[in-house]
Amino acid sequence: MERSVLAGRTAIVTGASRGIGRAVALALGELGARVVISARSDEALAQTHAQLRARKLDALALAGDLRERAFLERLAHSVPSVDVLVHNAAAFAPYAPLERVEDAEFERVLDVNLRAPLQLTSLLIAGMKQRGFGRIVALGTIAASHGADGQVAYSTAKAGLTGFIKSLAAESADHGVTANVVEPGLISTERIAENVEPVYQRRILANTAIARAGTPEEVAALVAFLCTPSAAYITGAVLPVSGGFGVGLYARESTP
């Protein structure tokens, strides 16, 4: 794609301090967009901002908690208009069966993964409709489509996110606004290393046709395309970037 395809456009990317979010921010910046990045960690976010600036890309960094309405409003109003919105921020509960998940964990996971995208989009969607252009991409997970033992809260929240995006696509299509979900499989990120035990990673890869973890850049390539004018006829889609997770009749035998 041409570097200038998003010139004059502004994008917000949440959860951009590392991993997929950082890769998406860099990809959108390389396409010419002004990128507003957010995350809770000021220090980690500064590293993403420094990488964007080192490439001479236009970027603004805002650290804060997406669970706070005041921060969502600050983020939404940080620039005059927003054309692209990428919901990447995520929260996991510790691996546990449903009966052992604390109410506070349910609330945190639902707030970050579902409520915050709903509220932030509600602050920005009217402007997109008025201008006749908008690209909204939510990072889901194969756990939403397939389920995941030990991660009921996370899978539930991400499944709800898919319902939200599909409904948004239906009611925004007449205004030049598209909304899609990208469902990563096992991706080599710091978050996966911190939250998904090796035994679960091996089990996922045993059912992945390509038999390796993906990279943040492989996910970001699809997200970036969906944010361009060329993707105008794609909306309401749930697109896996999973290395062919679940393809084929038999899972591979896992290795210790």
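Me: How are α1 and α2 oriented to each other?
Reply: α1 and α2 are roughly parallel to each other. This is a predicted model. The axes of the two helices cross at roughly 25 degrees and come within 10 Å. Angles under 35 degrees count as roughly parallel, so the description of α1 and α2 follows from their crossing angle.

Me: What is the hand of that crossing?
Reply: α1 and α2 cross in a right-handed sense.

Me: And which residues make the contact?
Reply: From α1, the contact involves Arg22, Ala25 and Leu26, while α2 supplies Ala44, Gln47, Thr48, Gln51 and Leu52. The residues of this contact of α1 with α2 comprise 4 nonpolar, 3 polar and 1 charged.

Me: Staying with α1, at what angle does it pack with α9?
Reply: Helix α1, residues 19–30, packs with helix α9, residues 216–226, at about 50 degrees, and the axes are 8 Å apart. The crossing of α1 past α9 is right-handed.

Me: Which residues meet there?
Reply: Gly19, Ile20, Ala23, Val24, Ala27 and Leu28 are the α1 residues, and they meet Pro216, Glu217, Val219, Ala220, Val223 and Ala224 of α9. By class, the contact of α1 with α9 has 10 nonpolar residues, 1 polar and 1 charged.

Me: Next pair: how do α4 and α6 lie, and at what angle do they cross?
Reply: The crossing angle of α4 and α6 is roughly 15 degrees, with the axes coming within 8 Å. The two helices are therefore roughly parallel to each other, and their crossing is right-handed.

Me: Which side chains or backbones are involved, by residue?
Reply: In α4, the contact residues are Phe106, Val109, Leu110, Asn113, Leu114, Pro117, Leu118, Thr121, Ile125 and Lys129. They meet Ala153, Tyr154, Ala157, Lys158, Gly160, Leu161, Phe164, Leu168, Glu171 and Ser172 in α6. The contact of α4 with α6 divides into 13 nonpolar, 4 polar and 3 charged residues.

Me: Changing topic: what volume does the largest pocket have?
Reply: The volume of the largest pocket is about 1100 Å³. Its lining consists of 49 residues, and those nearest the centre are Ala90, Phe92, Tyr154, Arg191 and Ile192. Tyr154 also belongs to the α6 side of the contact with α4.

Me: Which elements contribute two or more residues to that lining?
Reply: These are α1, β2 (34–39), α4 (103–131), α5 (142–146), α6 (152–172), α7 (190–195) and α8 (198–206). The largest share of the pocket lining comes from α7, with 5 residues.

Me: What is the class make-up of the pocket lining?
Reply: The lining of the largest pocket has 22 nonpolar, 16 polar and 11 charged residues.

Me: How many cavities of 30 Å³ or more are there?
Reply: The structure holds 1 such cavity.

Me: Which residues line the largest cavity?
Reply: Its lining is formed by Thr14, Leu66, His87, Ala89, Val112, Ala116, Pro117 and Leu120. α4 gives the largest share of this lining, 4 residues. Pro117 also takes part in the contact of α4 with α6.

Conventions
Residues are numbered from 1 along each chain as its sequence is written. This is a predicted model: local features need pLDDT of at least 70, side-chain atom pairs count only at pLDDT 80 or more; totals for chains, interfaces and linings use all residues. Side-chain values use heavy atoms; hydrogens and water are left out. Axes are lines fitted to C-alpha atoms, for helices over the stretch in contact, and angles run from 0 to 180 degrees between N-to-C directions. A crossing is left-handed if the near helix is turned anticlockwise from the far one by less than a right angle, and right-handed if clockwise. Contact means heavy atoms within 4.5 Å. Ala, Val, Leu, Ile, Met, Phe, Trp, Tyr, Cys and Pro count as nonpolar, Asp, Glu, Lys and Arg as charged, and the others, Gly among them, as polar. On a 1 Å grid over the protein atoms alone, a cavity is a set of points where a 1.4 Å probe fits but cannot get out, and a pocket is an open set with protein on both sides within 12 Å along at least five of seven lines; lining residues have an atom within 4 Å of a point. Grid points are joined across faces, edges and corners, and a volume is the space filled by probe spheres set on the points. Angles under 35 degrees count as roughly parallel, over 145 as roughly antiparallel, 65 to 115 as roughly perpendicular and the rest as oblique.
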